[in-house]
Amino acid sequence: MATVELTTTNFDEVTSRDGTVLVDFWADWCGPCKRFAPVYERSSEKHPEIVFGKVDTEAQQALAAKFDIRSIPTIMAIRDGVIVFAQPGALPESALENLIEQVEGLDMDDVRKKLAEHQH
């Protein structure tokens, strides 16, 4: 599956589904973003069960602001509607694969329980 362009219109719908969604916040003028794009694309081909989304921070400034994106590229991982990872910086392919493995291996019941504990 190729990457999906995420906008204010479809972001919540795509990221609230069950399963894993990776989001790449990027911009056309960003050199590291352009170098990371082929790595992200290759990974999307290896993992058809995961949604690989891209947010153009220039075109989608409201989304960038909503998530307080201050540095790009920023990679965010969302599993079953819960943000479980967000970090600025282009990842090497091995690190991206490792991130995917960790996100897929999460016990989401445990994650939700810990989140609920922190919200009290």
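Is Cys30 buried or exposed? Cys30 is buried, with a relative accessible area of 3%, where buried means under 20% relative accessible area, exposed over 50% and partly exposed in between, using a 1.4 Å probe and protein chains only. The structure is a predicted model, in which local features need pLDDT of at least 70 and side-chain atom pairs count only at pLDDT 80 or more, while totals for chains, interfaces and linings use all residues. Residues are numbered from 1 along each chain as its sequence is written, and side-chain values use heavy atoms, with hydrogens and water left out.

Cys30 is joined to Cys33 by a disulfide, with an S to S distance of 2.3 Å; the term denotes a pair of cysteine sulfur atoms within 2.5 Å. A search of the whole structure finds 1 disulfide. The torsion about the S-S bond of Cys30 and Cys33 is about 80°, so the disulfide is right-handed. Cys33 is also buried, at 2% relative accessibility.

The next element to consider is helix α4. Helices (H or I, at least four residues) and strands (E, at least two) are DSSP runs, numbered from the N terminus. Helix α4 covers residues 93–104, and its 12 residues reach 16 Å from the first C-alpha to the last, close to the 16 Å expected at 1.5 Å a residue; the expected span is 1.5 Å times one less than the number of residues. Within α4, the residues Leu96, Leu99, Ile100 and Val103 are buried. Seen down the axis of α4, its buried residues fall within an arc of 100°, so they line one face of the helix; the arc is that of the directions from the helix axis to the C-beta atoms. Ser94, Glu101 and Gln102 are exposed on the face of α4 turned away from its buried side. The buried residues of α4 pack against β2 (20–26), α2 (31–46), β3 (51–56), β4 (74–79) and β5 (82–88).

Strand β4 contains Ile78, which is buried at 3% relative accessibility. Ile78 and Thr20 are 58 residues apart in sequence and 5.7 Å apart in space, C-alpha to C-alpha. Leaving aside neighbours within four places in sequence, Ile78 is in contact with residues including Phe11, Thr20, Val23 and Ile83, contact meaning heavy atoms within 4.5 Å.

Thr74 is also found in strand β4 and is buried, with a relative accessible area of 6%. The side chain of Thr74 reaches the backbone oxygen of Ser71 at 2.4 Å. Beyond its neighbours within four places in sequence, Thr74 is in contact with Val23, Asp24, Phe25, Ile69, Gln87, Pro88 and Gly89.

Technical notes:
Polar contact = N/O pair within 3.5 Å; in protein donor to acceptor, adjacent residues only side chain to side chain.
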